[in-house]
Amino acid sequence: AWFVLACDLPLIDVASLQELIASRNVNMHNLATAFALKENPLPEPLCAIWEPEALKQSIAYLEAGNGSCPRKYLITNNVDLVFPSRENALLNANSIEDYKEAIEKIWYTKLSAQPINDSLRSPWLTLDHSIVENLTKYLGKSSYKWRKWIEPCWAKGIYLLKINNTKGDLIEIENLIERSRLQKAKDLGIRKWYIEKDLVYPMVWWRNIDKWGINSYLYMIVPHNNTWKSLYRWMNEKELKINFNKSYDWLFYFKDLLLETRIRSWKFFDENQFPWYRLDNVWDYTFSKYKVLWREQSSIMTAAIISSIDDEFLWEKIAVTDSKVLYVSTDNYNEAHYLCWILNSGTIWEIISWYTIDTQRWVDIVKNIAIPKFNEDNKLHMKVAKLSSEAHIDYNDDKKKIPDIEKSLDALIPNVFGINWI
C-alpha cells in the first residue's frame with residue numbers, strides 16, 4: 001500500500017497519522033482509507049492510504065477518459081472515510097493568508113521530561129510541567145488487570161457470524177467468510193445452517209467502540225462453557241455433540257481447517273487434549289457481567305462499557321470481544337463506570353501519549369498507571385461513576401451533552417489520585 005501525504009498540510013501531526021493508520025482495515029476490500037471532514041465528508045486523496053488494487057483500477061479509470069481528479073476517482077469507489085480527532089489537521093495552506101492562519105493555530109508550551117520509573121533505561125515522559133510535579137501520584141502498579149479479546153486463531157471467518165432469521169428455538173446463521181485471511185477458509189465459502197442460540201453471542205470488535213458507547217456489533221459462536229470453571233472453559237466434544245448437535249454439525253464442516261489453525265497458532269496445542277474447535281483467551285472474565293473496553297490500536301483513548309445486549313435474535317445475552325479489543329472485567333456496575341471514567345480522562349491520556357509513539361499503547365494504561373481500587377464508600381468514586389453512566393446514556397440520547405460531562409470529569413481526576421483532595 002502507499003501512504004500519500006500532501007506537503008501543504010502544515011498542521012498534520014504524528015497522532016493524526018497514527019489514527020489514520022489504525023483505522024485501515026485490509027479485510028474490507030476498500031481501495032483506500034482516507035481522511036475527511038465531518039461537515040464535508042469527501043475523501044482527501046492526498047492524506048490517504050491507497051491499496052495496491054487502487055493503482056490497477058485507477059489506470060483503467062484514466063484510460064476510460066473519466067478525468068484525472070483523484071478525489072472524484074475515490075468518490076466513485078469504495079473508500080473507508082476517517083474523521084480526524086483534530087479537524088485542524090486537514091488545514092490546507094497554499095497562500096500567505098493560509099500560512100498566517102496556520103501559525104495562529106500552532107501553540108507552544110513548556111514541557112518537562114523524566115523516566116517513567118526509577119530506571120533511566122525506561123521510557124521517558126515528556127509532558128506539561130504541572131502534571132510532572134505530581135507524576136508520582138499517577139504512576140505505579142494498578143489495582144486492575146487488562147484482558148485480551150477472544151482469539152479465533154486464523155479462523156475469524158468461521159467463528160464470526162451473521163444471523164438471518166429464527167425458526168423456533170433455532171437461528172439461521174452464515175459465517176462471515178470475508179473476514180478470513182486464509183485462502184483455505186475462503187475456498188470453503190459461506191455455510192448457512194440452523195443452530196442453537198446457546199453458543200452464539202453478540203460480539204464487539206475495535207471498530208464498534210466509541211468513547212462512551214458502542215456503535216454496532218456482530219455475532220460470534222463460542223463453543224465454550226460459560227457457567228462453570230474448567231481449563232480455558234472449553235466444552236468437550238461429547239458434550240457439544242449431545243447438547244448442541246446442530247452447532248456441532250455446523251462446526252464439523254470446518255473441522256480440518258479449524259484443527260490446522262489451532263495447531264498453527266499454539267505450539268503447545270495437543271489435539272489429544274484440546275478440542276479442534278477451541279478458541280484462545282476464553283476464561284471466566286470472557287463472560288463477566290461488565291467489560292470496560294478500549295481499542296488496542298488508537299491515537300486517542302476511546303473507552304466504553306458493555307454488558308448484556310437485548311438482541312432481536314438472542315434476547316438478553318452477554319457480549320464478548322474480538323480483534324484488537326482490550327478490557328477490564330468486573331461484576332460491579334459502579335466500578336465499571338468509575339474505571340471507564342479514569343480511562344477516558346484527558347490527564348491519563350496525556351501521560352500515556354507523551355511516553356509512547358506506537359499506536360499499540362493502551363496496554364500501559366493498566367500497567368503503569370496507579371489506578372486506585374474502586375470503593376463504593378468513597379463519595380468521589382461514586383460521583384464519577386454516576387457521571388460516566390450519564391455520558392453512556394447521552395451517547396445514545398444526546399451526544400451534545402457529553403463535552404460538559406467530560407469537563408466535570410477531567411476536573412476531578414487529580415482528587416481521585418490523591419492530589420488536592422477535596
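A: Arg 262 is in contact with Pro 152, Cys 153, Ala 155, Tyr 159, Phe 269, Trp 276, Arg 278 and Leu 279, once its neighbours within four places in sequence are left aside; contact means heavy atoms within 4.5 Å. The model is a predicted one, in which local features need pLDDT of at least 70 and side-chain atom pairs count only at pLDDT 80 or more, whereas totals for chains, interfaces and linings use all residues. Residues are numbered from 1 along each chain as its sequence is written, and side-chain values use heavy atoms, with hydrogens and water left out.

Arg 262 itself lies in helix H11, which covers residues 255–265. Helices (H or I, at least four residues) and strands (E, at least two) are DSSP runs, numbered from the N terminus. Arg 262 is buried yet has no salt bridge, and the nearest side chain of opposite charge, Glu 151, is 7.4 Å away. Here buried means under 20% relative accessible area, exposed means over 50%, and partly exposed is in between (1.4 Å probe, protein chains only). A salt bridge requires a side-chain nitrogen of Lys or Arg within 4 Å of a carboxyl oxygen of Asp or Glu. For charge, Lys and Arg count as positive and Asp and Glu as negative, while His and the chain ends are not counted.

Cys 153 is found in the loop between strand S7 (147–148) and helix H7 (156–159). Its phi is near 55 degrees, a positive value in a residue other than glycine. At 7% relative accessibility, Cys 153 counts as buried. Arg 278 forms a salt bridge with Asp 280, the closest N and O atoms being 3.5 Å apart. Elsewhere, salt bridges that share partners join Lys 156, Arg 179 and Asp 322 into one network.

Helix H11 also carries a charged pair. Glu 260 and Arg 264 meet through their side chains in a salt bridge (3.4 Å, N to O). Being four residues apart in helix H11, Glu 260 and Arg 264 are separated by about one helical turn. Glu 260 counts as partly exposed at 27% relative accessibility, and Arg 264 is partly exposed with a relative accessible area of 44%. In general, side chains of opposite charge can pair when their charged atoms come close.

The count for the model comes to 13 salt bridges. One of them joins the side chains of Arg 207 and Asp 80 at 2.8 Å, N to O. This pair links distant parts of the chain, 127 residues apart: Arg 207 is in the loop between strand S11 (200–204) and strand S12 (209–210), and Asp 80 is in strand S4 (residues 79–82). Asp 80 counts as buried at 15% relative accessibility. Over the chain there are 52 positive and 55 negative side chains, and the centres of the two sets lie 4 Å apart; the place of a charge is taken as NZ of Lys, CZ of Arg, CG of Asp or CD of Glu.

Another positive phi, of about 60 degrees, belongs to Lys 324, although Lys 324 is not a glycine. Lys 324 is found in the loop between strand S19 (320–321) and strand S20 (325–330), where its relative accessible area of 28% makes it partly exposed.

Along its principal axes, the C-alpha trace spans about 70 × 70 × 45 Å. Buried residues make up 50% of the 422 residues. Of the contacts with a separation of 6 or more, 69% are between residues 24 or more positions apart.
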